[in-house]
Amino acid sequence: MQSFTEENYLKIIYHLSLGSTASVQTNAIAEKIQTKPASVTDMIKKLADKQLVNYKKYQGVTLTEKGKLAAINIVRKHRLWEVFLVEKLNFKWDEIHDIAEELEHINSAELIERLDEFLAFPKNDPHGDPIPDKNGNFDNIIFNKLNKLKPGTRGLIMGVNEHSPAFLKHLEKLGLTLGKQIEIIEITEFDGSIELVVETKKISLSREIAKHILIKI
């Protein structure tokens, strides 16, 4: 069993390694946690002793299979708790991350299996992120970033890759929430801003906002 701090490290290494086969550098972990690289190195050595990571000095760190499964289990718990908080306790999607950060450390496999069943085995959390099953498997769903689509494209908002409360509140104010139908009307060549229709409402988005919105065509 891992401590809260060890679990947080595993989860951060997992997220930093997504989409890449390269080792995660200790400086990147330190920046994410906002601590000193030396402190990160000390924790990495502890995780290596538990065979949760592979670590070589100056070469970064990768998760072992054991470490990856542990990290995915933490991610699973976090996302299931987010679904519970939104669907059953009526929290908004910008309010749930910090609460789920605390709940994800409850080490009861039976509780999580019952929670999953109670929620009818959800496939995605309230931000659109996939929820792995108890074996660590994700549904492979292909999304497109809104800023990469062309005029005339229609699709559904299926997720976001920016989870800050300020960003989520802004999207909710604009009506850009999960499941909404969008159609791209025009893209401004000068700054990449996008004019689109959300259901029946016409709005304009900056390229910076659009790159964080995930669309299923």
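Ala, Val, Leu, Ile, Met, Phe, Trp, Tyr, Cys and Pro are counted here as nonpolar, Asp, Glu, Lys and Arg as charged, and the others, Gly among them, as polar. The model is predicted: local features need pLDDT of at least 70, side-chain atom pairs count only at pLDDT 80 or more, and totals for chains, interfaces and linings use all residues. Residues are numbered from 1 along each chain as its sequence is written, and side-chain values use heavy atoms, with hydrogens and water left out.

The protein is divided into domain 1 (4-63) and domain 2 (144-216). Domain bounds come from an automatic or database domain assignment. The centres of domain 1 and domain 2, taken over C-alpha atoms, are separated by 34 Å.

Helices (H or I, at least four residues) and strands (E, at least two) are DSSP runs, numbered from the N terminus. Two strands pair if DSSP finds at least two bridges between them. Strand 1 (residues 53-56) and strand 2 (residues 60-63) run antiparallel and are joined by four bridges. Lys56 has Gly60 as its bridge partner in strand 2. Asn54 is bridged to Thr62 of strand 2. The two strands, strand 1 and strand 2, form a hairpin with three residues between them. In the turn, Tyr58 has a positive phi of about 70°.

An open sheet is formed by six strands in the order 3-8-4-5-6-7, with antiparallel pairing. Its edge strands are strand 3 (144-145) and strand 7 (201-205), each pairing on one side only. Strand 3 is joined by two bridges to strand 8 (residues 213-216), and these strands run antiparallel. Lys145 has Leu214 in strand 8 as its bridge partner. Helix 7 (residues 165-174) packs on the sheet and touches strand 4 (154-160), strand 7 and strand 8. Contact means heavy atoms within 4.5 Å. The direction of helix 7 makes about 150° with that of strand 7. Axes are lines fitted to C-alpha atoms, for helices over the stretch in contact, and angles run from 0 to 180 degrees between N-to-C directions.

Pockets were located on a 1 Å grid over the protein atoms alone; a pocket is an open set of points where a 1.4 Å probe fits, with protein on both sides within 12 Å along at least five of seven lines, and lining residues have an atom within 4 Å of a point. Grid points are joined across faces, edges and corners, and a volume is the space filled by probe spheres set on the points.

The largest pocket holds about 1,200 Å³ of space. It is lined by 33 residues, of which His15, Leu18, Arg79, Asp129 and His163 are the closest to its centre. The lining of the largest pocket comprises 10 nonpolar, 13 polar and 10 charged residues. Helix 1 gives the most to this lining, with five residues. Domain 1 and domain 2 each contribute at least three residues to the lining of the largest pocket.

The second largest pocket has a volume of about 200 Å³. Its lining residues include Trp93, Asn124 and Glu172. Helix 4 gives the most to the lining of the second largest pocket, with three residues. This lining divides into five nonpolar, two polar and four charged residues.
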